[in-house]
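Me: I have a chain open and want to learn how to read its features. Can you take me through them?

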Amino acid sequence: MSPRSRCSERGVALVTAIFTITVLVGVSALYLSLSWDGRESERRAEAAVRARLGADEAIALAVAELKSGVDSGGDGLGTITFSGDDDRELSAAATALGGNLFRIHGEGVVPRARSAADVLAEVIPSDPLTATLRAAITAEGPVSTLGNISVDGRDWSANGTTLVGPGTFGISSRGAISNGGSSTVGGNGRPPARPAPIGANEPLATWRDLTDNDGDFTIDEEAFDGIDNDGDGRIDEDTNDYPDTPDIMFKLPNGTLKDIAIARGTYFSTQTAYESYRAANGGILPGGQIYFLDFSLWQPANLGADMNAPSSIVVHHNSTANALMKNVHGNFRGIILADFVQHINGDFFVAGGFMSFGDKSIGNAYGNGNAIVRFSSSALSGLPSSSATQSVRILSWQRAAME
Ligand SMILES: [Ca+2]
Ligand SMILES: [Ca+2]
Ligand SMILES: [Ca+2]
Ligand SMILES: [Ca+2]
């Protein structure tokens with residue numbers, strides 16, 4: 001073999017080696033590039049899922065605020081902002097659309113991905129407590145009216161300014177009713193007058209409606225006492241007497257209204273505590289609440305410098321049913337459940353009704369000044385619920401485009 005041909009062979013081998021190395025390097029680079037791309041797209045896919053779950057979680061938290069009525073961050077009901085140490089940024093905001101409808105926009109942001117969703121939600125309020133009152137003033141004991149008080153059982157609008165129907169009695173008592181001074185009483189379609197027109201007062205009310213309300217062929221068989229007296233599995237389904245307590249009147253177990261008020265921060269064991277609460281709310285008793293005042297003498301009983309909305313429930317009742325509400329003034333929409341009432345002052349205005357639970361041997365004296373008590377079925381149908389949470393129905397849930 002000539003030196004020339006050996007040289008040529010080495011050249012071929014070198015070229016082959018260089019080519020092989022080049023191919024190997026190329027294949028390796030391609031492999032590395034493909035596997036990098038694969039991991040990156042996996043990371044992006046995982047991030048997209050985390051962002052989407054984050055947006056959904058933010059919306060779920062906003063819905064929880066709407067349900068509970070508790071604004072956890074103090075930034076508005078239905079507004080959520082959350083930065084986790086897991087690199088997630090969650091946010092949601094609820095916008096009221098009118099009625100009970102809300103639009104909730106939620107976003108989830110994580111490294112490599114963002115996601116958003118829009119939800120249309122309807123808040124469904126819990127069933128309100130309902131009170132069937134026989135009159136603007138309903139009492140177990142005797143009732144006397146004095147001064148210039150005007151008691152009107154005709155049906156007024158929820159704020160007591162517009163007459164809407166004939167309504168019910170002005171005053172109903174299981175005992176006697178006397179209308180003294182210049183007081184006037186109206187009801188059942190007749191305006192307040194002196195003497196009270198026929199149908200305005202209901203003295204010696206029996207609380208039996210002589211109707212078989214539950215269809216068991218027995219009429220008025222139940223004591224209104226929170227107990228299933230006839231053992232048919234139903235409590236107070238066809239009653240024959242005055243309800244024993246405010247709880248029983250609402251068909252709740254005894255102690256329920258007090259427990260609700262304690263849970264909602266509207267229970268007061270002293271008049272001082274009640275007055276501090278009222279002062280902190282600008283002198284007005286906020287609406288939509290159940291207030292439980294658990295002290296024996298409330299004097300003067302001030303229900304607010306201006307009328308609350310929506311309706312509230314005020315219970316002034318103690319364990320011996322002898323709490324006294326005296327020198328009542330202010331403005332109120334809803335129902336006042338007291339043991340005894342003595343003297344309603346000149347500026348007092350109530351739309352809704354009064355009901356008292358004290359022993360029938362002790363009287364209630366309503367009167368003084370130009371106080372006005374007006375029955376209002378709409379004020380009584382807008383009472384708060386015994387349930388603290390409302391339900392939320394999701395009407396639509398859409399992924400939103402993000403930049
Ligand atoms: Ca019956
Ligand atoms: Ca009945
Ligand atoms: Ca029963
Ligand atoms: Ca009963």
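Me: How many helices and strands are in the chain?
Reply: Helices (H or I, at least four residues) and strands (E, at least two) are DSSP runs, numbered from the N terminus. The chain has 5 helices and 26 strands.

Me: Why is the chain said to be more spread out than a compact globule?
Reply: The radius of gyration is taken over C-alpha atoms, and the globule rule is 2.2 Å times the number of residues to the power 0.38. For 403 residues the rule gives 22 Å; the chain has 36 Å, well over that, so it is more spread out than a compact globule. Along the principal axes, its C-alpha atoms fill a box of roughly 145 × 50 × 40 Å.

Me: What should I know about the model and its numbering?
Reply: It is a predicted model: local features need pLDDT of at least 70, side-chain atom pairs count only at pLDDT 80 or more, and totals for chains, interfaces and linings use all residues. Residues are numbered from 1 along each chain as its sequence is written, with chains lettered from A and ligands numbered from 1 in the order in which they are written.

Me: Which domains does the assignment give?
Reply: Bounds come from an automatic or database domain assignment. Here they are domain 1 (3-126 + 390-400) and domain 2 (135-207 + 242-381). The C-alpha centres of domain 1 and domain 2 lie 59 Å apart.

Me: Which strand does β20 join?
Reply: Two strands pair if DSSP finds at least two bridges between them. Strand β20 (residues 324-329) runs parallel to β22, with 4 bridges. Val 328 stands opposite Ile 344 in β22.
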